[in-house]
Amino acid sequence: MTIKTGSQFREPQPLSLRLWHWLNGLTVLLLLATVFLRKSFLSGRMMAHLIEEKLTTEKVVLSAEQAKVAAGAIRDEMWNWHFRLGFVLTGLLVFRIFLTQKPFPRLKPAFQKSKHVGLVKSLYATFYLSLLFMVLSGLTMYFSGDLHISEKIADQIQDIHELFQWYFLGFLILHVGGVIFAENRGDAGLVSDMIHGGERPNSAK
Ligand code: HEM
Ligand code: HEM
């Protein structure tokens, strides 16, 4: 196997960007986890069924309606974390825009470097645009009452917001896969740069 040498992606990563990167990554993962829980173990239907079944074996008789109310209360408690994390993500986006010392990916110089670098930076550009959309749509839905937004419009926004979860899953797979690939193809040290910052190109060793 031929291993390409020469880094294409390694660059100094300022502390502010590194902090943002890991906190943002964790928050997106946790947001996806709340969605996963809502659609699986903690879905209203599955839990209502479980509650009804378990209580029947304990000789407690609960109507299907009562089981649904209990299940809904537990699910809502978990789902509140979606909103809390949503506000954390909003704060992190504001931090990324105004406080990190790294500009957003610029595509022209990236494509001048190579097509591969250009495509990777384009993926990051789509990530930032999607993040902006998730934050704006999430906040619009959350405050739809205060903003006097009709239920129909809020539902339409929710449909698109919901669809974008697939973008984030796709990004995660491409990004983590891409970073592992790059680490093995001339960019060894890329992940540790994202942890300790890397070296400035002209810094003394
Ligand atoms: C094990 C998990 C992860 C590792 C090892 C990792 C590693 C890295 C590395 C090494 C870079 C710099 C690469 C380059 O400049 O091209 C990077 C950039 C980036 N990562 Fe991650 N990452 C992880 C998870 C995530 C997650 C979960 C997200 C968001 C959902 C994310 C979003 C980004 C973004 C947006 C950039 C570009 C930052 C910029 O230069 O503006 N990463 N990541
Ligand atoms: C990567 C980030 C995010 C992902 C993947 C995501 C995913 C989702 C999904 C899949 C739903 C639909 C759930 C369902 O009805 O079954 C949803 C609903 C919602 N999300 Fe997000 N979301 C994200 C960020 C945010 C942010 C930043 C906010 C802002 C506070 C937010 C607020 C909401 C609200 C208000 C709803 C409607 C909930 C309801 O009516 O029960 N989300 N989200």
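Helices (H or I, at least four residues) and strands (E, at least two) are DSSP runs, numbered from the N terminus. The model is predicted, with local features requiring pLDDT of at least 70 and side-chain atom pairs counted only at pLDDT 80 or more, whereas totals for chains, interfaces and linings use all residues. Residues are numbered from 1 along each chain as its sequence is written, chains are lettered from A and ligands numbered from 1 in the order in which they are written, and side-chain values use heavy atoms, with hydrogens and water left out.

The protein contains eight helices and zero strands, arranged along the sequence as α-α-α-α-α-α-α-α. Its radius of gyration is 22 Å, well over the 17 Å that the globule rule gives for 205 residues, so the protein is more spread out than a compact globule. The radius of gyration is taken over C-alpha atoms, and the globule rule is 2.2 Å times the number of residues to the power 0.38. The C-alpha trace spans about 75 × 45 × 30 Å along its principal axes.

A nitrogen atom of ligand 2 lies 2.9 Å from a polar side-chain atom of His82, and a nitrogen atom of the ligand is 2.8 Å from a polar side-chain atom of His161. In the side chain of Gln158, an N or O atom is 3.0 Å from an oxygen atom of ligand 2. Ala, Val, Leu, Ile, Met, Phe, Trp, Tyr, Cys and Pro count as nonpolar, Asp, Glu, Lys and Arg as charged, and the others, Gly among them, as polar.

Around ligand 1 there are 22 residues, the closest being His21, Arg96, Tyr124, Tyr128 and His175. An oxygen atom of ligand 1 lies 2.5 Å from a side-chain N or O atom of Tyr128. For Tyr124, a polar side-chain atom is 3.1 Å from an oxygen atom of ligand 1, and an N or O atom in the side chain of Lys102 is 3.1 Å from an oxygen atom of this ligand. Helices α1, α5, α7 and α8 (190–196) each give two or more residues to the shell around ligand 1, and α1 provides the largest share, six residues. This shell divides into 14 nonpolar, five polar and three charged residues.

Notes
Polar contact = N/O pair within 3.5 Å; in protein donor to acceptor, adjacent residues only side chain to side chain. Near = heavy atom within 4 Å.
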